[in-house]
Amino acid sequence: MELDGKRVLRLREVKDVERATAKKARESWHMLTIMAEFIESTERLSELQSAVSIFGSARTKPGTKYYELGIQIARRLSDAGFAVLSGGGPGIMEAANKGAQAGKSPSVGLNIELPHEQGNNKWQDISINFRHFFARKVAFVRYADAYVVMPGGFGTLDELTEALTLIQTGKSHHIPVILVGADFWSGLIDWFRAQLVNNGMIAAKDMDLIQVIDDPEQIVDAILAFYQTGEDEETTPEAKTGELL
């Protein structure tokens with residue numbers, strides 16, 4: 001095929017109509033399952049008054065520094081009136097749910113099947129199972145009044161950068177994003193400043209979206225102070241009504 005003298009590859013040309021029809025049917029079913037996950041998460045989480053999403057590595061072992069710190073942070077948040085949302089698996093997710101369930105507010109697990117680490121932990125008052133990362137990630141953002149991000153791998157970085165992008169662009173509520181583990185995150189923060197800010201990829205003020213706090217009590221205080229000072233008001237009308245989520 002040519003378009004204005006340029007060759008255009010037709011990689012998806014239909015050669016087998018029956019196979020193409022079956023593929024369309026599978027894709028339609030795929031979309032319906034995504035919709036079902038949105039509906040279930042909305043029905044089960046919409047009544048949460050205040051919530052904090054906690055992220056971190058699934059590979060963090062019980063008894064280690066950040067696992068125990070995760071328990072302490074989640075417990076303080078729960079006692080302060082925040083439901084705690086985690087990915088429902090092991091590691092930091094388990095620590096978050098364990099600490100939250102010991103507190104006064106709900107412990108929520110947004111579970112998903114993965115080939116390696118994932119297995120639902122037992123410290124969940126509300127447990128929702130997802131097949132699709134997309135629907136699960138929306139739930140993390142839509143119902144969170146703050147993000148607490150502990151040391152983790154690609155998945156943790158994905159959640160962190162997506163949250164920062166949504167807040168930066170006004171497509172989500174402006175919420176506190178708190179990094180736990182100053183030693184762990186310092187290199188990334190320095191790189192943000194040296195490469196992203198200095199090369200004009202982001203504005204210097206965008207770095208204000210991030211706080212680095214290691215003390216559990218100070219984390220709770222920072223979240224409460226954010227809302228007491230009304231810093232969450234600068235969002236688009238769409239973000240305030242949730243239409244984009």
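Modeller: Residues 24 or more positions apart make up 70% of the chain's contacts (heavy atoms within 4.5 Å) that have a separation of 6 or more. Before I zoom in: this is a predicted model, where local features need pLDDT of at least 70 and side-chain atom pairs count only at pLDDT 80 or more, while totals for chains, interfaces and linings use all residues. Numbering starts from 1 along each chain as its sequence is written, and side-chain values use heavy atoms, leaving out hydrogens and water.

My pick is the sheet. The chain has eight helices and nine strands, taken as DSSP runs numbered from the N terminus (H or I, at least four residues, for helices; E, at least two, for strands). Seven of the strands make an open, parallel sheet, ordered 6-5-4-3-7-8-9; to pair, two strands need at least two DSSP bridges between them. Strand 6 (126–130) and strand 9 (210–212) are the edges with a single partner strand each, so one side of each has no neighbour in the sheet. From one strand to the next, the twist averages 20° (angles run from 0 to 180 degrees between N-to-C directions, with axes fitted to C-alpha atoms, for helices over the stretch in contact).

Further in, strand 3 (residues 51–55) and strand 7 (residues 146–149) run parallel, joined by four bridges, and Phe55 sits opposite Val149 of strand 7. Helix 4 (residues 133–142) packs on the sheet, touching strands 3, 4, 5, 6 and 7, and makes about 160° with the direction of strand 5. Helix 6 (residues 182–197), meanwhile, lies across strands 7, 8 and 9, at about 145° to strand 9.
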